[in-house]
Amino acid sequence: MTDDERDLLATAYLDGDADEDARTRVEGDAELLAAVAAQRAVRAALAQRPPIDPATRERHLAAALGAFDEAAAAPARPTSLVVPPPPPTATVVTPLAPRRRAWLMPVAAAAVGVLALGGVVAMLATGDDDASTARVDVESSVLARTATAREDEAGPPTVDVVAGAAPDAAPAAEAPSDAAAEAESVPVPTIATPAALTAYVAERQAADGDAGPETVCDRPIYGTVVYRTDARAVTVVVVPDTDGEVVALDAATCVEVARAPAP
Amino acid sequence: MRRHYDLVAAVCRRIVGATQGADDATQEAMISIVRGLPRFDGRSAVTTWMYRIATNAALDELRRRRRRPALHVVDDDDLVHEPTDPMSHRRVDAVVDRMALEDALAALPDDFRAAVVLRDVADLDYAEIAAVLDVPVGTVKSRIARGRSQLVGLLGNRDAAPERQMPSAPPGNAP
């Protein structure tokens, strides 16, 4: 056995990564057991964390919080923990800048025409009015879901979903949709009282059920809101707590900002 | 932030060593974590993401340090130690033990040291370490095994010798 093999076996054994054969081999070999013991001693020594000067800790935390406030004050930087969804491809069209992208308008109009023609052909081919009805229903439900879903779960509706009743249809996505655009621009809610916190959770439960699966501060969240106090507005995540309460935690520091009864 | 500070500081301290550079790396890591929060995508555990930032800050500090010229070197052999408190030997032993561990850590290649520290200080599993260091899990296992083995050798030499063995300068990053 080479030194490398011995070290790898001892490390795997110590870290609980060894399979049954490897464990048996280690436990039957005095040299390997000695290597495990030596590595265990090193590990124990490393696990003793070096002392930390409390003043240094406070100075570093203050600098970090200062950097956060500075970043939050910058208008161009997002303050939400949740990354906004990628640009939708199916139902939402971002308004175009008229001067620089004016050439896209005729292209979009042509695409709409082609899609409308495709829809008519599909309807005639099936001879069933229910197809278009179903497509409208699906699209409406997707739009409604987009408007109410949380930022982290409301992934953009895809072409396949929207055109579910007519899979062969070309993407209807290029057509402008005011409802979808409105849904996309829903701002992060701002609340200021515990009662509003309770109402927010009730709304989220009605829409999505229990908190999660997204977790922040190691806890499942109902969503992200801005909690406004007399002193300032803080981006918080709303999480369930024990004893039938819900808590708003500062999204940056995980420090409790507000508490309210669960609905 | 407060909850995770001590571990971030410990990771920086173990990777950089007990120097002002470790403090600088810790502060840099904390600020980077706060500034990066809006971009955290949740694809990994938040602790894994924080340790990645701390590890990178510590390794950056080591690279900066190596670019700086050393001002002077003090040879331990020239120093005369005259303990005035006969009962202080236990405290001295504890400090010497800590210094020996830090010396031994400093003698490891950076890649080995980072892997060992993330395993034995931060208590990350192999997959998490692989994500932090952006290397395959097999490489993580190898680096931890070889790093621990070198530490055993360095600390064992110290225990066996009448005087503390000062490890030689790190030979550079290993694959």
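Tutor: A salt bridge here is a side-chain nitrogen of Lys or Arg lying within 4 Å of a carboxyl oxygen of Asp or Glu. The model is predicted, with local features needing pLDDT of at least 70 and side-chain atom pairs counting only at pLDDT 80 or more, while totals for chains, interfaces and linings use all residues. Residues are numbered from 1 along each chain as written, chains are lettered from A and ligands numbered from 1 in the order written, and side-chain values use heavy atoms, without hydrogens or water.

Student: How many salt bridges are there between chain B and chain A?

Tutor: There are six between chain B and chain A. One of the salt bridges joins A:Asp17 to B:Lys141, whose closest N and O atoms are 3.1 Å apart. On the chain B side, α1 (2-16), α2 (20-36), α4 (89-107), α5 (110-120) and α7 (137-160) each supply at least two of the residues that touch chain A, where helices are DSSP runs of H or I with at least four residues, numbered from the N terminus.

Student: What area is buried between chain B and chain A?

Tutor: The size of an interface is often given as the accessible area lost when the parts come together. Buried area is taken with a 1.4 Å probe and summed over both parts; between chain B and chain A it is about 3,700 Å², and carbon and sulfur atoms give 60% of that. B:Tyr5, B:Pro38 and B:Arg148 supply 15% of the area that chain B buries against chain A, more than any other three residues. In terms of contact (heavy atoms within 4.5 Å), 43 residues of chain B meet 42 residues of chain A.

Student: Is B:His4 buried or exposed?

Tutor: A residue is buried under 20% relative accessible area, exposed over 50% and partly exposed in between, using a 1.4 Å probe and protein chains only. B:His4, which lies in helix α1 of chain B, counts as buried because its relative accessibility is 16%. Setting aside residues up to four places away in sequence, B:His4 touches A:Asp218, B:Thr47 and B:Met50.

Student: Which residues does A:Glu27 contact, leaving aside its neighbours within four places in sequence?

Tutor: A:Glu27, in helix α2 (residues 20-27) of chain A, is in contact with A:Tyr13 and A:Leu33. A polar contact of 2.8 Å joins the side chains of A:Glu27 and A:Tyr13, the rule being N or O atoms within 3.5 Å, one able to donate a hydrogen and the other to accept it, with residues adjacent in sequence counting only through side-chain atoms.

Methods. Buried area is the accessible area (1.4 Å probe) that two parts lose on being put together, summed over both.
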